[in-house]
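Work through the exercises below with the sequence and the 3D view open. Each task is followed by a solution in steps.

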Amino acid sequence: MPAQASDKRKPAPANGHAKPDPAPPALPPLPNPSTGSANPSASLHALWGYLHPALDHIVRAPTNNPSKAPAIDVSYHMGVHTAVYNYFTAQSDSSSGPAGLAGFPARFSIQSDKGKASGADLYEQLDRYYADVAREIFLGAPADDSTLIHYLVPCFNRYSAGAQSVSRLLNYVNRHYVKRAVDEDRGWLRLADVLDAVARTIREDDTREKVQKRLRERRTEELKKWGYREGDPPARVAQIEAYAEAASPPDRVVPLAAVAYRRFRLEVMDPLLAVPKLKASKGGKKKRPPPSLGDKPPLPRGRLARAVKELLESKGGDEEEKRRLAGELAIALRTVGIKVDHPLRKKLDKFLPPEER
């Protein structure tokens, strides 16, 4: 006997008030765009045209959950991986061909493109992409200090979720280009950075093992600037090294997630942390604000420091929400590479759980 269709309507609520509408559904996965007969791995231009919609969807698209990036279709994910792999493979093959023509400038040499062919061009394009996204976030910041942190924290969480998703999507770039660059001493900490300090402690009769041990000790000293403590488990050491990578200058090759965080620091956090310069008076001396009631004259603050002061010292409001915002801002600052001894980090780290400090 066939089942009868039934009209299962929800009864009206007893109090006569309708239930609030549910949250809008999450964005559907972005489908794989049609490329026709075009080969997305034929050139950087073609590859970027294929990648760009996925990056914008993952990093820029609005979402109901700032801590989770929108997804792309499985076929698109596989297509991106295949296109990047084929692009790197084709470029590596071409770079192993004959050397450039004698008598011509280096830019006409096939060999001169070896660095670009090995992934530097795509890596630099991704760096520029993150710089543009971070700059948009900075330019969209509200002028009112009292709402700055309420804007900044969800923006960073959304940006971070996108950066982590892109890092997984383009993991081949990390494995093929970034790892090799680090092996070639182009990473966040280079031999030249520690060699001078280590050289002063090396004696003529030191063995190679002793020199390597001193280099490792010097690296440990660098990691302490971002919170490393003796005996930290490997997972925490890896996380601390990620903070150091984000703190590195733009010429250092670091994993893609660190590239994104570094750009957020350079384009968003550094300008907000910058202390305004005091204006010089006619006599050439800088004017200081007049002291109030015998206290020391207040020093100028960066905009983010003023916003934190406004958040923590304002009367009323949800105290639990204030503590949450302060703690999440502390996580953002350390993630983008602000050192542990920065005054604002010292102030905000108090709002983190003890095990995360």
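Predicted model: local features only at pLDDT ≥ 70, side-chain atom pairs only at ≥ 80, totals over all residues.

**Exercise 1. State how many helices and strands the protein has, and what share of its residues is buried.**

Solution. Step 1: the protein has twelve helices and zero strands. Step 2: along the sequence this reads α-α-α-α-α-α-α-α-α-α-α-α. Step 3: 36% of the 357 residues count as buried. Step 4: take the contacts (heavy atoms within 4.5 Å) with a separation of 6 or more; residues 24 or more positions apart account for 68% of them.

**Exercise 2. Describe how helix 10 and helix 11 run relative to each other, and which residues make their contact.**

Solution. Step 1: the axes of helix 10 (residues 303-313) and helix 11 (residues 319-335) come within 10 Å and cross at roughly 155°. Axes are lines fitted to C-alpha atoms, for helices over the stretch in contact, and angles run from 0 to 180 degrees between N-to-C directions. Step 2: that angle makes helix 10 roughly antiparallel to helix 11; angles under 35 degrees count as roughly parallel, over 145 as roughly antiparallel, 65 to 115 as roughly perpendicular and the rest as oblique. Step 3: helix 10 contributes Leu304, Val308, Leu311 and Leu312 to the contact, and helix 11 contributes Lys322, Leu325, Ala326, Leu329 and Leu333. Step 4: sorted by class, the contact of helix 10 with helix 11 has eight nonpolar, no polar and one charged residues. Here Ala, Val, Leu, Ile, Met, Phe, Trp, Tyr, Cys and Pro count as nonpolar, Asp, Glu, Lys and Arg as charged, and the others, Gly among them, as polar.

**Exercise 3. Find the residues where helix 1 meets helix 4, and sort them by class.**

Solution. Step 1: helix 1 and helix 4 (residues 145-169) pack at an angle of about 145°, and their axes are 7 Å apart. Step 2: on helix 1 the residues are Leu55, His57, Ile58, Val59 and Arg60, and on helix 4 they are Arg158, Gly162, Ser165, Val166 and Leu169. Step 3: the residues of this contact divide into five nonpolar, three polar and two charged.

**Exercise 4. Classify the aromatic pair of Trp48 and Tyr129, and locate both residues.**

Solution. Step 1: the structure holds twelve aromatic pairs. Rings of Phe, Tyr and Trp (its six-membered ring) pair if their centres lie within 6.5 Å; planes under 30 degrees apart count as stacked, over 60 as edge-to-face and the rest as tilted. Step 2: Trp48 and Tyr129 are 6.0 Å apart centre to centre with 70° between the planes, an edge-to-face pair. Step 3: Trp48 is in helix 1 (residues 44-60) and Tyr129 in helix 3 (residues 114-139), 81 residues apart, and the pair thus links distant parts of the chain. Step 4: Trp48 is buried at 13% relative accessible area, and Tyr129 is buried at 4%.

**Exercise 5. Locate Arg345 and list the residues that Arg345 touches.**

Solution. Step 1: Arg345 is in helix 12 (residues 343-348). Step 2: its relative accessibility is 4%, so Arg345 counts as buried. Step 3: not counting residues up to four places away in sequence, Arg345 touches Leu333, Arg334, Ile338, Lys339 and Val340.

Notes
Residues numbered from 1 in each chain as written. Heavy atoms only, no water. Helix = DSSP H or I, 4+ residues; strand = E, 2+ residues; numbered from the N terminus. Buried < 20%, exposed > 50% of the residue type's maximum accessible area, 1.4 Å probe, protein only.
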